Structure formats: structure tokens, C-alpha cells
Amino acid sequence: MIKADLDSSTENNLKNVQNDKMAIFVMAEGRVRGALFNGTRFVNQARQQHNLGILETMIFGQAALCGALLIPTMKGKEHLTWRYDCDGPAKGFSIEADSSGFVRGYLFNDKIPLDKPLDSWDLKPFLGNGTMTMSTIHEGDKFARDSSVEILYQNITKDLAWFFQQSEQIQTAFNTSIFMNTKGEVTGAGGMFLQILPETGGNKKDGSNKESASNQKKNEELITNVENAFSAAPSLGKWFSENGTLDDIIFGLFEEFKPSVPVYRDIIFDCPCNKDFYLNYIKHLPQNDLTEIKNGKINPLEIVCRNCGSVYKIPLEEL
């Protein structure tokens, strides 16, 4: 990826917030796992790479933050592609996330038409109905494994939680937030996810997994209390814009569940594309196509990576 430089105003804003970092935590004696991500620079970089407007940044930024939050759910070396195909003006998006810690992607329509000025951040009118597809591939797999569900809420975070409920039967919640100042600059961005994991093992002598009435009640109480704490989270974008920390959220909001943070890690908006990849691809086009390109008047060729907006200029004499 050709990393786009952030403008001076954005860099000044970033001096006033904590550095990007993701905290991966567990609590409630291992029954709950989660991640909290300060992605302020991450969203700004994604915006700069694709030269996005305010509305487009809100949609794509939320999608990219969700992509980052999917990384802690991965097992081993894994790569996933999440497509959100909808019939609203935004058309949807594609997000790729890799267990190594990078996220990339693009909006299907990065110039969304507006009939009137925005009066709220309700994105439902720009999304609409459609389907979500998650494609995952692990190291050594020959083919990706796909799973699709219908878009139910026309809300990125709720629909992603709905996917986990349908495909994996795991209670999951996502929360993303992007805070902009009066100039439309992103001064804070972040996301959080929680999963309540099922209890393992049997409860009876025969090893069956039927819950006793008391265990079922305790489980329901845990779910309710965790949901209440999750719902009480402040606006993460505003929190990080005011120099709030990851630990203050985790150990303050979830204190009763005795959280611990075994891992802090870096997540970046990045893309493995490079000029040599595209040069090699063009060289292996059918001979007729290659001859047509060489005889053309466009020199150098300009190839734009749709996943990161990088522009590669390839002189014809290199073909």
C-alpha cells in the first residue's frame, strides 16, 4: 500500500488522543470475552486512503472498525472477507481482516448522493435490505468457507451481531462510534465487542448438558448484567477524542465481572498490494490485451487498488 499522508490538522488532532491500540479481555471467570479498540488513527487513515466524505466515512469507518473487532475471534492464521450487499444508496461494502492485524476494504459507492442535508446519523436510509456474507480461509485451506444471512436491522453493528447469532449461536454484541468535530474531522473513533460463551461440560452424572434451574437462572442473570454494563458504555468516539483510555473503560464499566487483559495489540488499516503485483498481473494478460495496452496512448498506466486507494503508475516500457 502507498500510505497516504494525513493532513496537518488531522495530525494535530491525533496528538491529543491516545495511540491506537486494541485490548483483548476476558471476564466472569472466562464466560465472557471481548475487545476494545481505540481506532482513531485507523479510521482517519482509511478515510484518507479512499478520500471519503463525511457520510461515507461514517459508514465505511463503522464497517472497518467492526472488521478490526473480528480479528480477536479468529483461530490461528485466518483471513476473512465480509460483504454487506444492500439496495440502499451506499450499495454496501467489502471488508477484509487478517489475523496478522490488518484491515482493508472499500465502499461499493464512495460518492453517496444526498437529497437533503443530514439531520441525524441514522444510516438505515443509506443501507437498506440485502445479504451479508462471511468468507473465511485458514492456512492450508484450498477454498474459503462461506456463510450468508439476510440483513435484518439495516444497522452495521446489529446485523453483524445477528450474523453470529444465526451462524454460530453465540450471543455477541458490537458497538462502534465515530466522533467528528464541527469541521467534519474525525477526532475520536473506537469499537467494542463482547461474546458470552456457552458453558462447557455436562451438569449431570451421565454427562448431559441439561442445565439445572439454578444454573439457568445464574446464566440468565449473567447475560442480563453483562448486557446492562455493555449498554452503559459512553460514546467510544467521544471518549477517545477526550483522551480516554482503554483500561478505564474495561475496568470501570465491567468491574463487577473481574476483567483481565492478557493481550494488547496493534491493528492497522493496511493493504499488502504493491506495484510488482500489478506489473506481474498485466504481464500475464492474454497477448492480444497486452499488445493493445502497449499500443495505447496512456503512459504510464494508472492502476488503483480498490481496497486501499493506492495509485500505481506503471510505464509501458516496463511491460
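Does cysteine 86 count as buried or exposed, and at what relative accessibility? Cysteine 86 counts as buried because its relative accessibility is 10%, where buried means under 20% relative accessible area, exposed over 50% and partly exposed in between (1.4 Å probe, protein chains only). The structure is a predicted model, in which local features need pLDDT of at least 70 and side-chain atom pairs count only at pLDDT 80 or more, while totals for chains, interfaces and linings use all residues. Residues are numbered from 1 along each chain as its sequence is written, and side-chain values use heavy atoms, with hydrogens and water left out.

Cysteine 86 lies in strand 3 (residues 78-86). Helices (H or I, at least four residues) and strands (E, at least two) are DSSP runs, numbered from the N terminus. Apart from neighbours within four places in sequence, cysteine 86 is in contact (heavy atoms within 4.5 Å) with Lys91, Gly92, Leu127, Gly128, Asn129, Gly130 and Ile151.

The protein chain contains ten helices and 13 strands. Of its 319 residues, 48% are buried. For 319 residues, a compact globule would have a radius of gyration near 20 Å, and the 22 Å of the protein chain agrees with this; the radius is taken over C-alpha atoms, and the globule rule is 2.2 Å times the number of residues to the power 0.38.

In soluble globular proteins, nonpolar side chains tend to be buried together. A nonpolar core is here a set of buried Ala, Val, Leu, Ile, Met, Phe, Trp, Tyr and Cys residues joined through side-chain atoms within 4.5 Å. The largest such core has 52 residues, and Phe42, Ile59 and Trp82 have the most contacts inside it. Helix 3 (residues 54-70) gives the most to this core, with eleven residues. A second, separate core comprises 23 residues, including Leu36, Ile223, Val226 and Phe230.

Helix 6 (residues 213-231) has 19 residues and should span 27 Å at 1.5 Å a residue, which agrees with the 27 Å between its end C-alpha atoms; the expected span is 1.5 Å times one less than the number of residues. The buried residues of helix 6 are Asn219, Leu222, Ile223, Val226, Ala229 and Phe230. These residues lie on the same side of helix 6 because they cover an arc of only 135 degrees around the axis, the arc being that of the directions from the helix axis to the C-beta atoms. They pack against strand 2 (32-38), strand 8 (171-180), strand 9 (186-196) and helix 8 (246-253). On the other side of helix 6, Ala213, Lys217 and Ser231 are exposed.
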